Amino acid sequence: MPYDLLPGLISGSTVYISGPIGDYVNGQKTAPQAAVIEGELVRLGYMCYNPFGSALHERNFIIPKRVWLEHDEYWIRHCDAIVLLPGWRNSEGACYEVAFGWQIKPDMLIYEWQPTADNYWHCVLLERGIA
């Protein structure tokens, strides 16, 4: 993978991983994709919060959606960037997190994680207002 995976973001920055929790995108479950993304970002020196790894997600059916989003808002307030999983545009929660991130930090860097033809991944920096 390229070492400029998140252009404009310095190593040591904090990153929130967002996407369609528990869904399938292109026939693949999103939680394992989130783990791969988190591992790669940590390897490159970023500090990550991956809500897919939270034990709460295993029990999210008993937590009201609003409470869940408030939990995620806390982490977004404390991060420098958001990295979005494939399929994020079809996720109400991920779209909310993008809008919330730009609302509280207009200069927040938000990246879309995309596969490449050679089976690697790269991130595309989104322009404000894309959500």
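Reader: In which strand is A81 found, and what kind of model is this?

Author: A81 is found in strand β5, where a strand is a DSSP run of E over at least two residues and a helix a run of H or I over at least four, each numbered from the N terminus. This is a predicted model, in which local features need pLDDT of at least 70 and side-chain atom pairs count only at pLDDT 80 or more, whereas totals for chains, interfaces and linings use all residues. Residues are numbered from 1 along each chain as its sequence is written, and side-chain values use heavy atoms, with hydrogens and water left out.

Reader: Why does A81 count as buried?

Author: The relative accessibility of A81 is 0%, and buried means under 20% relative accessible area, against over 50% for exposed and in between for partly exposed, with a 1.4 Å probe and protein chains only; A81 therefore counts as buried. Leaving aside neighbours within four places in sequence, A81 is in contact (heavy atoms within 4.5 Å) with L9, T14, V15, Y16, M108, L109 and Y111.

Reader: Which strands pair with β1, and in which sense do they run?

Author: Strand β1 pairs with strand β4 (residues 47-49) in the parallel sense over three bridges, with C48 in β4 as the bridge partner of V15. Four bridges also join β1 to β5, and these strands run parallel; here Y16 stands opposite I82 in β5.

Reader: What makes β1 and β6 mostly covered?

Author: In β1, four of the five residues are buried, and in β6 (residues 109-115) five of the seven are buried. Over the chain of 131 residues, buried residues make up 42%.

Reader: What is called a nonpolar core here, and which residues have the most contacts inside the largest one?

Author: A nonpolar core is a set of buried Ala, Val, Leu, Ile, Met, Phe, Trp, Tyr and Cys residues joined through side-chain atoms within 4.5 Å. The largest has 18 residues, and L6, L9, L41, V83 and Y111 have the most contacts inside it; β1 (14-18), α1 (30-43), β5 and β6 each supply at least two residues of this core. Another core, of 14 residues, lies apart from it and includes C79, I82, L84 and F100.

Reader: Why does E73 count as buried, and what does its side chain contact?

Author: E73, in helix α2 (residues 65-77), has a relative accessibility of 7%, and therefore counts as buried. The side chain of E73 makes a polar contact with that of R66 at 2.8 Å, and this value falls within the limit, because a polar contact is a pair of N or O atoms within 3.5 Å; within protein, one must be able to donate a hydrogen and the other to accept it, and residues adjacent in sequence count only if both atoms are side-chain atoms.

Reader: Why is N50 called buried, and which side chain does its own side chain contact?

Author: N50, in the loop between β4 and α2, has a relative accessibility of 8%, so N50 counts as buried. The side chain of N50 makes a polar contact with the side chain of E38 at 2.9 Å.

Reader: Why is E97 called buried, and how far apart are E97 and S18 in space?

Author: E97, in helix α3, has a relative accessible area of 6%, and is therefore buried. E97 and S18 are 79 residues apart in sequence and 7.5 Å apart in space, C-alpha to C-alpha; the contacts of E97, neighbours within four places left aside, are Y16, S18, D72, I76 and I82.

Key. Pairing = 2+ DSSP bridges.
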